[in-house]
Every structure is written in structure tokens, then in C-alpha cells.
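Subject: Structure handover

Hello,

Here is the structure I promised to pass on. Please open it alongside this email; my notes follow below.

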Amino acid sequence: MARAIWKGAISFGLVHIPVALVSATSSQGVDFDWLDSRSMDPVGYKRVNKVTGKEVTKENIVKGVAYEKGRYVVLSEEEIRSAHPVSTQTIDIFSFVDAEQIPLQNIDTPYYLAPDKRGGKVYALLRETLSKTNKVALARVVLHTRQYLAALMPLESALVLVKLRWPQEVRGLDELELGSEVTKPQLAKGELDMAKRLVQDMSADWKPEDYKDEFEDKIMALVEKKAHEGKIEDVESVGGEEERKTADVIDLTELLKRSLGGKAAAKPKAKAASKAAPAKRTKKASGE
């Protein structure tokens, strides 16, 4: 299995499913590094004062948020850390919805979820339940100190976690200012028939092996050619990778019944309470 970038558990009700998060995509683009043409030394990011043009040392840099034009509120590292959500190492499911209800523009990055620490049976149970109910699970998860909205969905024999953009991050279609010729078009039947016929003539099966980045192929062919000609420069580089935290989570399959039992028992109480006095509505705080 590919290296896990995060380990924790899916949590819903009283059930915990140990899982490992694995990236479902890989960056295949050409990576151009900056080099000093005189010495072939790597060229890194330089902190420069935009007014004076002079380099600024790390200890003289603070973080500020623009409050008004030209005016900033400065926040300390401690204040910023206190605003980060607490990482629980869990993917907390809070609702189940129809997949079709999630807008396309909200979908971001996919990840594979693999069962971990003998959690295979409960993992399969959740996958099969989602498949048979045609639902996806909405959840919150903290990755790298940031909280994300996510959707868990079945994919063949596996589960996939898709990071979703928060609704406030998605612009509405009204920003396009579409005219009536687009929103209420007057199209002749002949035009629609010809367009449908063209689509049918060009229809094909999805064949991912046929789709390639031609730019990358051309660049890498050029790199190979120049390398064979001996046109290679030695560049000294320093690498390092930060270790990721993992969590030991206990698989509690038997808690599924207790989760359902707790909800069933809660319903009569809720009814009794509603007869006695009107329930107060509380606004649930946003995760971020």
C-alpha cells in the first residue's frame, strides 16, 4: 500500500473505524527549479521588504491581517495557534446526504481511505451501507492544523474521502452575469438535433490511458536528449521531511448497536420535553 499521510479513525455514533489516509492523486507536471546560472546553486525564496527592496530577517517578520486598506491587525504566533482547531485524529461524520446534492464546484481533493488496525469488517460495513442507501457521509476532519469539510463515499471495494470547499469559499453563478440569451435561450429544434447528433458521433468510452500531458512528454524527451549528450549540471540540494503523527484507535464494532439504541431511546424523551415546554434553538458554531 502507498504511504499513509494521516492515520486516525472514522467516527459516527459510538463506532470508530481505524483508517489510513492515502493520496488518490499525484502531481505529474514538470517541476522547474530555480538555479543560479553562474554557479548552478539552487535559488530559494527571499524575504524582501516591498517598499525598500531590502531583505528582511526572519526575526523581524510578523503576521498581519488586512483590516482596512493600508491598515493591518498584527497577530502573534501564540494567538494564531490558539485559533487552530484541536486535532482529534478522527473523521467525524455528522450527516448522510444524497451524493447528487453536493454541488460540483464544492468538490476539491480526493483521498483513498484504507482500513487500519484490524478495522476491515467495520470499514466494509460502512462502505456497503453507503452503497445500498445511495448516500455519502458528510464529516469534519483536521489535517495539518486546518479543519476541512469532507465527504466519504464508496468506490468499488474501497472508501474515498473527498475534501470539500466550504460554502463561503464558492462563488455563486450570479457573478457571471449571464444574459437572457444564455439563461432563457431560443434554440431552434434543428439546431438542437444537429448538436445532439454531433455529441452522439463523438461519443466514446472513458479510456484514461489515452489521455496524456503532451507538454510534460515533450519536456522530458528534451531532458533525456540533453542528458545523453552530457549536458547535465551538478546541483547540491538539501532535503528533509517532517514525520507525521499517528493515532492508535480501538475498533469498537459492537458500539453500532449502542449508537442506534441511544438514538431510539432519545426520541420519546424529546417528545415528552416538547410537550412540557417549547425547545430553545441554539445556533451551532461553525467548525472554522
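Two residues are in contact here when heavy atoms of theirs lie within 4.5 Å. Keep in mind that this is a predicted model.

**Arg-127**

Arg-127 sits in helix α2. Leaving out residues up to four places away in sequence, it touches Pro-154, Glu-156, Ser-157, Ala-158 and Leu-159. Is Arg-127 buried or exposed? Its relative accessibility is 13%, so it counts as buried. The cut-off for buried is under 20%.

Arg-127 also has a charged partner. Its side chain meets that of Glu-128 in a salt bridge, at 3.1 Å from N to O. Glu-128 counts as partly exposed, because its relative accessibility is 33%. Arg-127, at 13%, is the buried member of this pair.

**The chain as a whole**

The protein chain has 6 helices and 9 strands. It holds 288 residues, and buried ones make up 20% of them. Take the contacts with a separation of 6 or more: 66% of them join residues 24 or more positions apart. The accessible surface comes to about 23500 Å². Carbon and sulfur atoms account for 54% of that surface.

**Cores**

The largest nonpolar core has 24 residues. Which residues have the most contacts inside it? They are Ile-10, Ile-17, Ile-91, Leu-113, Leu-126 and Leu-152. At least two residues each come from β1 (6-12), β2 (15-23), β5, β6 (107-115), α2 (120-133), β7 (135-143), β8 (146-155) and β9 (158-164).

Not counting residues up to four places away in sequence, Leu-113 touches Ile-10, Val-19, Ala-20, Leu-21, Ile-91, Tyr-123, Leu-152, Leu-159 and Leu-161.

Most residues other than glycine have a negative phi.

Gln-89 has a phi near 60°, a positive value in a residue other than glycine. Gln-89 is found in the loop between α1 (77-83) and β5 (90-98). With 15% relative accessibility, Gln-89 counts as buried. Where does its side chain reach? It comes to the backbone oxygen of Lys-7, at 2.6 Å.

Thr-145 is not a glycine either, and its phi is positive, about 70°. Thr-145 lies in the loop between β7 and β8. Its relative accessibility is 44%, so Thr-145 counts as partly exposed.

**Surface patch**

There is a nonpolar patch on the surface. Val-65, Tyr-67, Val-73 and Leu-75 form it. Together they have about 380 Å² of accessible area. Strands β3 (63-68) and β4 (71-75) each supply at least two of the patch residues. Leu-75 has its place in β4. At 33% relative accessibility, Leu-75 counts as partly exposed.

**Salt bridges**

Side chains of opposite charge can pair when their charged atoms come close. How many salt bridges does the structure hold? The count is 9. The Arg-127 and Glu-128 pair was described above. Two others follow.

Asp-108 and Arg-165 meet through their side chains in a salt bridge, 3.9 Å from N to O. Asp-108 lies in strand β6 and Arg-165 in the loop between β9 and α3 (180-183), so this pair ties together parts that are 57 residues apart in sequence. Asp-108 counts as partly exposed, at 37% relative accessibility. Arg-165 also counts as partly exposed, at 30%.

Lys-189 and Asp-193 form a salt bridge too, at 2.8 Å from N to O. They are 4 residues apart in helix α4 (residues 189-201), so about one helical turn separates them. Lys-189 counts as exposed, with 62% relative accessibility. Asp-193 is partly exposed, at 30% relative accessible area.

Best wishes

Technical notes:
Residues are numbered from 1 along each chain as its sequence is written. This is a predicted model: local features need pLDDT of at least 70, side-chain atom pairs count only at pLDDT 80 or more; totals for chains, interfaces and linings use all residues. Side-chain values use heavy atoms; hydrogens and water are left out. Buried means under 20% relative accessible area, exposed over 50%, partly exposed in between (1.4 Å probe, protein chains only). A polar contact is a pair of N or O atoms within 3.5 Å; within protein, one must be able to donate a hydrogen and the other to accept it, and residues adjacent in sequence count only if both atoms are side-chain atoms. A nonpolar core is a set of buried Ala, Val, Leu, Ile, Met, Phe, Trp, Tyr and Cys residues joined through side-chain atoms within 4.5 Å. Patches are made of residues with over 30% relative accessible area and no salt bridge: like charges are joined within 9 Å, nonpolar side chains (Val, Leu, Ile, Met, Phe, Trp, Tyr) within 5 Å. Accessible areas come from the Shrake-Rupley method with a 1.4 Å probe; for residues, only the protein chains shown count as cover. A salt bridge is a side-chain nitrogen of Lys or Arg within 4 Å of a carboxyl oxygen of Asp or Glu.
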